[in-house]
Amino acid sequence: MPLEQGRVSVLDRGFIFGDGVYEVIPVYSRRPFRLAEHLRRLQYSLDQIKLATPHDEAAWTRLIGELIARNAGEDQYLYLQVTRGPAKRDHAFPQQVTPTVFMMSTPLAPPDPVLKASGVTAITAVDNRWLRCDIKSISLLPNVLLRQLAVEAGAMEAVLLRDGFLTEGAASNIFVVKAGALYAPPKDHLMLAGITYDVVVELARQDGMPVHIRPIAEAEVRAADELWLTSSTREVLPITALDGQAVGTGRPGPLFQRMDALYQAYKA
Ligand code: PDD
């Protein structure tokens, strides 16, 4: 149905409690990108919040195929959300409740070439979110506030630090390049296991780039030759200024150029 005709109960637990999970899936040339991985992560998020999946993998795949077919545009991005459903307001899970499933398609434009050529700016911020950032929860108020902090500082992203270590961005994962090697924090409860993160690690390894997955201290972030952010909608983007200081040369670096070429070839 047209987006503006979609209706959800005001008692929906997604609305009242943020009790739900979501996925953002890019579609290139009408093919969902890394669909199996997105559906696996959706199942993981649902399991973590003890919400029985309303559809199995085959049904999700069919619904997603239908959504893509019914929308114009070769490249789209799909937003998929499952909440626990409408019920009388009570924090504990309701007994009888039907999950609310919502999916929409939005046209997907590739990242602006200007951003790839000049890089984007970021600020650092204290990661003050909860300790289950591995769940792709719709409760995004901390992420919203952190991202707004970046916007108000004239930057595109907030690079989050917890106890002196890099976690991720407000809505992205973060990579560090130093002396020709790629570094990323390990996937744990302090960050979202990005689908783009996995693609970048795979492509780097296949290409023979040294990749180190290990905790990254704040000093290493500040001394990086290159910093990248990754997400399903923004692909891989170079961060060329952090807290007003140039990252490396202040220009997108050679490893970024290489990774972007690999990524573009991979998604084609
Ligand atoms: N966000 N970390 C956070 C906190 C995110 O919100 C996202 C993506 C990522 C990157 O994950 P992936 O590569 O699977 O997109 C990491 C999506 C795009 C969003 O909320 O719009």
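Analyst: Two strands are said to pair if DSSP finds at least two bridges between them. The model discussed here is predicted.

User: What makes β5 and β12 a pair?

Analyst: Strand β5 (residues 120-126) is joined to β12 by three bridges. The cut-off is at least two bridges, so β5 and β12 count as paired. The two strands run parallel, and Ala 122 stands opposite Leu 242 in β12.

User: How do you know that β11 and β12 pair, and in which sense do they run?

Analyst: Five bridges link β11 and β12. With at least two needed, the two strands therefore count as a pair. The sense is antiparallel. Leu 229 has Leu 237 of β12 opposite it, and a hairpin of three residues leads from β11 to β12.

User: Why is β13 also called a partner of β12?

Analyst: Strand β13 (residues 245-246) is joined to β12 by two bridges. At least two are required, so β12 and β13 meet the cut-off. They run antiparallel, and Leu 242 has Gln 245 of β13 as its bridge partner. In the hairpin of β12 and β13 two residues lie between the strands, and Asp 243 has a positive phi near 50°.

User: What makes β12 a mostly covered strand?

Analyst: Of the eight residues of β12, six are buried. A residue is buried when 20 or more other C-beta atoms lie within 10 Å of its own. Glu 235, found in β12 (residues 235-242), has 21 other C-beta atoms within 10 Å, so Glu 235 is buried.

User: Why is Arg 34 called partly exposed?

Analyst: Arg 34 has 18 other C-beta atoms within 10 Å. Buried needs 20 or more and exposed needs 12 or fewer, so a count of 18 puts Arg 34 in between, as partly exposed.

User: What makes β2 and β4 edge strands?

Analyst: The open sheet has four strands in the order β2-β1-β3-β4, with antiparallel pairing. Strands β2 and β4 (100-107) each pair on one side only, and they are the edge strands. Strand β3 (residues 76-83) and β4 share eight bridges in the antiparallel sense. Tyr 79 stands opposite Met 104 in β4.

User: Why is the protein chain called as compact as a globular protein of its length?

Analyst: The protein chain has eight helices and 13 strands. The C-alpha trace spans about 55 × 40 × 30 Å along its principal axes. Of the contacts with a separation of 6 or more, 71% are between residues 24 or more positions apart.

User: What makes a set of residues a nonpolar core here, and how many residues has the largest?

Analyst: The members of a core are buried residues of the nonpolar kinds listed for it, joined through C-beta atoms within 7 Å. The largest such core has 40 residues, and those with the most contacts inside it include Ala 122, Phe 175, Val 200 and Trp 228. Helix α6 gives the most to this core, with six residues. Another core lies apart from it, with 13 residues, among them Val 21, Phe 33, Leu 51 and Trp 60. In soluble globular proteins, nonpolar side chains tend to be buried together.

User: Which residues is Phe 175 in contact with, beyond its sequence neighbours?

Analyst: With neighbours within four places left aside, Phe 175 is in contact with residues including Leu 182, Val 200 and Trp 228. For contact, the C-beta atoms must lie within 7 Å.

User: What makes up the shell around the ligand?

Analyst: There are 15 residues around the ligand, and Leu 192, Gly 194, Ile 195, Thr 196 and Ser 232 come nearest. Helix α6 (195-206) and strand β11 (226-231) each supply at least two residues. The largest share, three residues, comes from α6. The shell divides into five nonpolar, nine polar and one charged.

Definitions and conventions: Residues numbered from 1 in each chain as written. Predicted model: local features only at pLDDT ≥ 70, side-chain atom pairs only at ≥ 80, totals over all residues. Near = placed C-beta within 6 Å. Nonpolar A, V, L, I, M, F, W, Y, C, P; charged D, E, K, R; others polar. Contact = placed C-beta atoms within 7 Å.
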